[in-house]
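The paragraphs below walk through one protein chain, from a single side chain out to the whole fold. Keep the sequence and the coordinates open while reading.

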Amino acid sequence: MTIEAVVDPRRDPVGQHVHKVGYANRVIKKRCKRRINKRSEAKVPMALQELYVSCREVFKGPGTVPLPHDVERLCHILDNMKPEDVGLSSKLQFFKTENAVKGTPRVTTTTIYKCDKFSLCIFFLPETAVIPLHNHPGMTVFSKLLLGTMHIKSYDWVSTSSAEESGQPSHLRLARLVTDSVFKAPCNTSVLYPTTGGNIHQFTAISPCAVLDVLGPPYSAEDGRDCSYYKDFPYDAFSDGKMELTTEGDCCGWLEEIETPENSEMDGIEYLGPQVVESTD
């Protein structure tokens with residue numbers, strides 16, 4: 001699948017990146033130095049820069065979880081972010097429903113910034129595209145739907161000794177359904193934690209979508225934070241009726257870890273939107 005990427009024409013040589021989200025050839029005219037400086041100052045991505053600076057202060061590295069007031073701080077920034085803050089627009093061809101991808105749609109991702117403590121990424125999902133049910137081991141993740149309409153389904157593991165006595169197959173594990181809803185941009189930021197909030201989730205694009213993800217810390221197979229994929233089954237499919245759920249009315253299901261699905265592969269593109277100004281302290 002070909003996805004055009006948003007390009008800042010001041011940073012991209014003419015003739016390059018013609019296969020990325022919303023690129024259009026433009027004639028670059030020479031201007032006086034003073035005028036260029038004024039335009040640059042006017043286009044400083046304040047919201048994105050604020051997010052970056054806050055992430056540097058909030059995320060302390062592997063094995064840590066942001067404090068509640070820090071979670072609220074990041075949510076406040078993300079809730080108020082607009083597609084334009086990362087160089088996107090609903091007018092781009094990618095987000096027009098009449099340009100639906102034929103065949104199996106592929107998800108595309110681009111990285112705004114990444115370090116050992118956190119990463120800022122954007123995921124582009126064409127209509128009907130799916131990011132399969134997967135986990136985020138040891139991670140806190142903030143997901144901000146910037147554009148589009150998306151169905152999100154998420155689970156957390158149920159910790160109960162009776163789960164192993166219920167007679168279900170050994171390759172299944174009980175999980176509590178946290179979210180099974182449709183979200184439409186603009187909407188509030190979703191937050192998941194290492195063991196709560198819907199750590200195992202799936203995205204399905206109802207319309208073309210763009211999602212800004214803040215992951216702290218980011219995935220790292222070397223550090224034991226590799227991604228696992230799952231298939232879910234209704235609770236009644238394997239329960240013998242003897243298990244007592246911890247909370248009345250809980251909606252649960254069984255998850256089976258599976259091999260990496262073919263549709264989990266993503267195309268990576270270079271991020272060419274507004275840049276963060278990296279701190280050196």
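Is R225 buried or exposed? R225 is buried, because its relative accessible area is 7%, and buried means under 20%. The structure is a predicted model, and this value, like the others here, is computed from it. The side chain of R225 meets that of D223 in a salt bridge, with 4.0 Å from N to O. D223 is exposed, its relative accessible area being 53%.

Another joins R73 and E57, whose closest N and O atoms are 2.4 Å apart. R73 is partly exposed at a relative accessible area of 31%, and E57 is partly exposed at 40%.

A further salt bridge is formed by D267 and R106, where the closest N and O atoms are 3.1 Å apart. Here too distant parts of the chain are linked, with D267 in strand β12 (residues 266-268), R106 in the loop between α3 and β1 (107-114), and a separation of 161 residues. D267 is partly exposed, with 24% relative accessibility. R106 is also partly exposed, with a relative accessible area of 27%.

How far apart are the end C-alpha atoms of α3? They are 16 Å apart, which agrees with the 16 Å that its 12 residues should span at 1.5 Å a residue. The buried residues of this helix are D70, V71, L74, C75, I77 and L78. Viewed down the axis of α3, the buried residues fall within an arc of 160°, so they line one face of the helix. An α-helix has 3.6 residues a turn, so residues three or four places apart point the same way. On the other side of α3, the exposed residues are P68, H69, E72 and H76. The buried residues of α3 pack against α2, β4 (140-147), β7 (190-192) and β9 (209-216).

Next comes a histidine in a strand. H134 lies in strand β3 (residues 130-134) and is buried, with a relative accessible area of 7%. Which polar partners does the side chain of H134 have? One is the backbone oxygen of P132, which lies 2.6 Å from a polar atom of the H134 side chain. Another is the side chain of H136, joined to that of H134 by a polar contact of 3.3 Å. With neighbours within four places in sequence left aside, H134 is in contact with N199, I200, H201, Y219, C227, S228, Y229 and Y230.

The chain as a whole can now be described. It contains three helices and 12 strands. Of its 281 residues, 46% are buried. Among contacts with a separation of 6 or more, 78% are between residues 24 or more positions apart. The contacts of H134 with N199 and Y230, among others, show such partners in one place. The protein chain exposes about 15500 Å², and carbon and sulfur atoms supply 49% of that area.

Note on methods. Residues numbered from 1 in each chain as written. Predicted model: local features only at pLDDT ≥ 70, side-chain atom pairs only at ≥ 80, totals over all residues. Heavy atoms only, no water. Buried < 20%, exposed > 50% of the residue type's maximum accessible area, 1.4 Å probe, protein only. Helix = DSSP H or I, 4+ residues; strand = E, 2+ residues; numbered from the N terminus. Expected span 1.5 Å × (residues − 1). Arc of directions from axis to C-beta. Contact = heavy atoms within 4.5 Å. Polar contact = N/O pair within 3.5 Å; in protein donor to acceptor, adjacent residues only side chain to side chain. Areas by Shrake-Rupley, 256 points an atom, 1.4 Å probe, with all protein chains shown as cover.
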